[in-house]
Amino acid sequence: MATPAVGEAGKTGDWRDMRPVCDHSKCIPSIKKKAACFLCWLYCPEGVIKATIPLEIDLEYCKGCGICAEECPGKAITMVNEGEKNG
Amino acid sequence: MAEVQIMTGNQAAALGAKLSHVQVVAAYPITPQTSVTEMLSQFIESGELKAEYIRVESEHSALAVCISASTVGARVFTSTSSQGLLYMHEQIHWAAGARLPIVMCCINRGVGAPWTIFNDQQDSIAQRDTGWIQIYCRDNQEIIDSIIQAYRIAESIYVPVMICYDGFVMSHTMMPVEIPDAEAVSDFLPPYKPHTILSPEAPMNINPVLFPWRRANSEGVLCDGYMEMRYKLQKSLDESRDVIISTSRQFAGAFGRDHGGMLWQYKADDAEIILVGMGSLASEATAAAGMLRAEGIRAGVVGIRVFRPFPKEDVRAAFRKTKAICVFEKAISYGYEGALCSEIKAAFYGTELRLPIHNYICGLGGRDVKARELAEAVQSSLDAIAAGDTEPMPKWLNCFTE
Amino acid sequence: MPENLFKVNIEEYMLPGQRACQGCGLSLAYRYVLKALRENTIVTFPACCLTVLHGLYPTTSVAIPALNCTFASTAASASGLVAGLNALNRTDITVVAIAGDGGTFDMGIQALSGAAERGTDFIYVCYDNEGYMNTGTQRSSATPMGALTSTTPVLTKQQPKKDMLRIMEAHDLPYLSTTSSAYPIDLYDKFVKAKRIKGSRYMQIAVPCPPGWGYAPKDTVRIGRLAVETGIVILFEIEDGKFRFTGRSKTLAEKGNKLPVINYVERQGRFRKMSIEQLRQLQRWVDTRWNEYLKRAEG
């Protein structure tokens, strides 16, 4: 029957009106240069954030919910209107 | 040496399931099915039958359990009647759409409101659109034999099968039954292979939502829409006729008994008028045909064994030479006429056969149907035809209709 | 904190590009349910948000074997999986039934009670978003008093939330737990534990729903946290009859400083018609319940 694959609902990045932008100078793992925090990875409902240094967000599938920006303790992530430049 | 025992229809059903080595049984008791459930519990708890018995809390759950157990590859069995069958109606559709080889006995009982616990066929007739194969048994031997055949049919084409037999009239009546040899049954039934494996080795989602249109998978291959899947079910039912007939023949070869495939005939070859029925009603009709013949009327009987898929070809062939048909049935499609009668009429559409077809509704809620009453009904049909009455309304036999 | 995160199974069984809403609480929780349960699992679920998340044929967003079933029959479907797998000697697979509050508290309660009473060896997960959200936010018995839904659009829901946890406790289960989308590590730990236990295990997840509850998707974790901070949702487990608070609820029980419920209620559009009396009733209900659980934890 149905087989697993990415993008069942298409490129859900299309759903966004705002996208997350990370200022790595404020991102705690980037600052510490080691695995730390990564609450954005933890709380992403889509699992499209990679817990890497620097942080990677898969914008093809990120729906722009804004939870990562809301929860980031370093205020490193901001939500920017699609169509506008980063930050 | 074959073992013959006197047993009730319910005993025959329980034995049929046991001989078929069912692996999961889920059932809820309801009159007059209850003793099937009890006997299977006895077989399983005593170790005579190695199976999982799930004592579900409702019929809806009974069929739900059968569906998922069958999905992972277990051979399953359930049985019910009347309100229980109606309660699982949603699941009955689901099982057919899911293409699962479930075998279920329906011990025919009328439906409420108002309550009845006695026999008629309204319960299973009301399921005719669901996509199950339906076989109506005329005696207890046919019950045990048809259950065994049903697993072979179901597992080869992935369509569920409902074995119907009349409540109390057969379920609680003792008849001699030859018990098929256990080893011969095991030879007759190859192991069941599910059509889709549900397993961590190759994860899949079974029975998800489908769009109305065909849709490409992740590799760009166009896959079925809902309508294609449903078409495939219908196609399998169309093709099931050959499987039912060949299974019937192979069973006859292995066990020495032929119950007739799609339908059976009694003195129908030279009949001027034919009585039609399903289950024990058709058996009763053979006695009526005997009475009529003694009075000089060349009467015959056609017993419809398989109601779904409807045996259109076989019906056309069986009635080719007769002059009139009386369809007796223990159910009615309210707002129109007996379903069996409608379908027989429809079978002649497109042919040159034009003959009176009279419909008699009988035995609802267990009202006794005597052979003499059937014979008198046939006589009244002949009188009506002679008087030029071309389209009599369905008549309710032995019912106060004023 | 990072140590807790990094013990979590890194495998993602829920693939990107699935059909759940932006900021879906179920989506967040399900990530961790699957991480905890791992590959040797079969899930079964009815028509609900999860069906949509799993996706439409011929593609699915979840790399775990899954079987859809009718709305009332989730626990019966699971019972059949357990029976079938037993009959085939495949006892290495964990069977998980997962349904929303509609398929658990309401239509699914019969099958669930039946399966639990029979001691069926499976995990039953209820993701409680407090309404029939997949069909457009109609009320369920899990909807809290005072909430607007599409079937309580003017007067708000009149009855208090059905206490499904007490109903399930009455089934004498070896394990029962509450979890929350906002506390994924607590959830993960409980599912890892549940997987190892035999018998019927009931897991109820408190799942915030942006469109259903009337808040912005970015606040899913915040709202979920406030539910726990106010004592509306209590994180606990009952193992072999022994009750214990876990995670944030444990801290709150020890420090005794839970927030007034108004902090939770005022942030959600569904409570905008809640009356003062309903708010007082909610606070009373929360306080009574909290004290009962405090006593249980002591004993």
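The model is a predicted one, so everything below is computed from its atoms.

We start with chain C against chain A. The contact draws in 42 residues from chain C and 33 residues from chain A. Putting the two together buries about 3,000 Å², with carbon and sulfur atoms giving 59% of that area. On the chain C side, the residues that lose the most area to chain A are Pro16(C), Gln22(C) and Lys218(C), and together they account for 19% of what that side buries. As for polar links, there are four salt bridges between chain C and chain A, and 21 residue pairs are in polar contact, counting pairs with both residues at pLDDT 80 or more. Several elements of chain C give two or more residues to the side that touches chain A: helix 1 (2–6), helix 2 (25–37), strand 2 (59–60), helix 8 (184–196) and helix 10 (220–229). Helix 2 of chain C provides the largest share, five residues. Sorted by class, this side of chain C holds 24 nonpolar, 10 polar and eight charged residues.

Strand 1 of chain A (residues 3–4) runs parallel to strand 2 of chain C, and two bridges join them. Within this pairing, Thr3(A) sits opposite Thr59(C) of strand 2 of chain C.

Next comes chain A against chain B, where six residues from chain A meet 10 residues from chain B. The buried area here is about 660 Å², and carbon and sulfur atoms give 61% of it. Three residues, Met1(A), Ala2(A) and Glu8(A), supply 74% of the area that chain A buries against chain B, more than any other three residues. One salt bridge turns up across the interface of chain A and chain B, along with two residue pairs in polar contact (both at pLDDT 80 or more). The side of chain A that touches chain B divides into four nonpolar residues, one polar and one charged.

Glu8(A) links up with both other chains. Toward chain C, Glu8(A) forms a salt bridge with Arg19(C), with the closest N and O atoms 2.9 Å apart. Toward chain B, the side chain of Glu8(A) meets that of Arg215(B) in a salt bridge at 3.1 Å, N to O.

Inside chain B, six strands make up an open sheet of mixed pairing, in the order 12-14-13-16-17-18. Strand 12 (263–266) and strand 18 (395–396) are the edge strands, each pairing on one side only. Strand 18 of chain B pairs with strand 17 (residues 357–361) of chain B in the parallel sense, over two bridges, and Tyr360(B) stands opposite Lys395(B) of strand 18. Helix 12 of chain B (residues 339–347) lies across strand 13 (273–277), strand 14 (299–304), strand 16 (324–329) and strand 17, running at about 150 degrees to strand 16.

Finally, a helix pair in chain C. The axes of helix 4 (residues 74–87) and helix 6 (residues 109–117) of chain C come within 6 Å and cross at roughly 35 degrees. Ala75(C), Ala76(C) and Ser79(C) of helix 4 make the contact with Ala111(C), Leu112(C) and Ala115(C) of helix 6. By class, that contact has five nonpolar residues, one polar and no charged ones.

Conventions:
Residues numbered from 1 in each chain as written. Chains lettered and ligands numbered in written order. Predicted model: local features only at pLDDT ≥ 70, side-chain atom pairs only at ≥ 80, totals over all residues. Heavy atoms only, no water. Pairing = 2+ DSSP bridges. Helix = DSSP H or I, 4+ residues; strand = E, 2+ residues; numbered from the N terminus. Contact = heavy atoms within 4.5 Å. Axes fitted to C-alpha atoms, helices over the stretch in contact; angles between N-to-C directions. Buried area = accessible area lost by both parts, 1.4 Å probe. Polar contact = N/O pair within 3.5 Å; in protein donor to acceptor, adjacent residues only side chain to side chain. Nonpolar A, V, L, I, M, F, W, Y, C, P; charged D, E, K, R; others polar.
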